[in-house]
Amino acid sequence: MSIIALGMEGGGEGFTAPDASIFWEPVIGHEATAITRPVFLMVISAILVGWFLLATTKRRALVPSKGQMMTEGVYGLVRNSIAKDIIGSHDFLRFVPLLFTMFLLILVNNFFGVIPPFNYPTMSRIGFPVALALIIWVVFHIVGMKKHGFVGYWKSLVPSGLPKGMIPAIFFLELITDLFTRPVTLGLRLFGNMFAGHILMALFISGGWYMLQAGGILPVAGAVTWLFAVVMTLFEMLVEFLQAYVFTLLSALYIAGAVADSH
Amino acid sequence: MTGNIAILGYGLSAIGPGIGVGLIFAAYINGVARQPEARGMLQPIAFLGMAITEALAIFGIALAFVFKA
């Protein structure tokens, strides 16, 4: 169901604001086993990213082409200002592929929210960000255990030099943070931002459309609303980039915390 | 008047993070203004602080939709 049609529901009897149901768009099948639009978008984004990276790096040149320059710019951002600065120059290099993949995949999927033929931020379905957050969660625990050993890793959660009575409480808090809060906030932040941003844009556009069709002075308000829809779209693009950046940054931070030498 | 009280809860949950994000960027701007060459170092910290503070508001909006029924 398109957003415009949604705003028109009730035959002019009143305006129905878009709600979470606008995100349910099955393409093949129905109910729980349906293959929905975001699934296709995820596949398209993976193909798109893979093709772009291969095409721009196949014939590398000392004087880079435009495409190569773009790829190198994004790669440089992830490699130097995220991975290197946060994980540290000692062992950041083996995490760069993971972080770079995460960043590009999230960025492209987020931008699908404002690019016309797609118009759907994949990450506004909770399953996708949860899967990505789970990958990061597994990775940072495993690299931490490889570095410190199983027992040593859990021991390293508690900073040394604490009074004996404090240790169980701090350990418990750190355990909740590591096992529960970190993956949940990582996934939910991405989901929430995309979900809220998309619903806000849908509200501005469908509301503006409704007012444009109403009588009296309302069309003026509708025009202003559509103007704000444009502004919100630009703001959304900023948020989409920022969320991809923040997700990668936090992933790097969690990994850095797991591989850091205990003081 | 009809509506959903969950959205009021979201409004309340957005107050704290709103103030928090404001404080973080105020500190970031202050820092960069005093020492422009520290921008590269301060930027990830500022965004990190923002992301962590903002999480509360995100929980708010998620729960507003969860408890909508």
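## Buried residues and the overall picture

A residue is called buried if 20 or more other C-beta atoms lie within 10 Å of its own, exposed if 12 or fewer do, and partly exposed in between, with C-beta atoms placed from the backbone. By that rule, 33% of the 263 residues of chain A count as buried. This is a predicted model, in which local features need pLDDT of at least 70 and side-chain atom pairs count only at pLDDT 80 or more, while totals for chains, interfaces and linings use all residues. Residues are numbered from 1 along each chain as its sequence is written, and chains are lettered from A and ligands numbered from 1 in the order in which they are written.

Let's look at chain A as a whole. Its C-alpha trace spans about 70 × 55 × 40 Å along its principal axes. Chain A has eight helices and two strands, where helices (H or I, at least four residues) and strands (E, at least two) are DSSP runs numbered from the N terminus. Read from the N terminus on, the order is α-β-β-α-α-α-α-α-α-α. Two residues are in contact if their C-beta atoms, placed from the backbone, lie within 7 Å. Of the contacts in chain A between residues at least 6 apart in sequence, 64% join residues at least 24 apart.

## Two pairs of helices

Two packed helices are described by the angle between their axes and the distance between the axes. Here the axes are lines fitted to C-alpha atoms, for helices over the stretch in contact, and angles run from 0 to 180 degrees between N-to-C directions. Take helix α5 (residues 127–148) and helix α8 (residues 218–259) of chain A: their axes come within 8 Å and cross at roughly 20°. That makes α5(A) roughly parallel to α8(A), because angles under 35 degrees count as roughly parallel, over 145 as roughly antiparallel, 65 to 115 as roughly perpendicular and the rest as oblique. Residues making this contact include A:I136, A:V139 and A:F140 of α5(A) and A:Y254 and A:I255 of α8(A). By class, the contact has eight nonpolar, three polar and one charged residues (Ala, Val, Leu, Ile, Met, Phe, Trp, Tyr, Cys and Pro count as nonpolar, Asp, Glu, Lys and Arg as charged, and the others, Gly among them, as polar).

Now for another pair. Helix α2 (residues 37–57) and helix α4 (residues 96–111) of chain A pack at an angle of about 125°, with their axes 10 Å apart. That makes α2(A) oblique to α4(A). Among the residues in this contact are A:L41 and A:M42 of α2(A) and A:L104 and A:L105 of α4(A). The classes here are seven nonpolar, two polar and no charged residues.

## Nonpolar cores

A nonpolar core is a set of buried Ala, Val, Leu, Ile, Met, Phe, Trp, Tyr and Cys residues joined through C-beta atoms within 7 Å. The largest one has 48 residues, and A:A83 and A:I255 are among those that touch the most other members. Elements giving two or more residues to this core include α5 and α7 of chain A, together with α2 (39–66) of chain B. The biggest share comes from α8(A), with eleven residues. A second, separate core of eight residues includes A:L203 and A:W209.

## A closer look at A:L186

A:L186 is found in helix α7 (residues 167–213) of chain A. A:L186 is buried, with 24 other C-beta atoms within 10 Å. Leaving aside neighbours within four places in sequence, A:L186 is in contact with A:A133, A:I136, A:F247 and A:L250.
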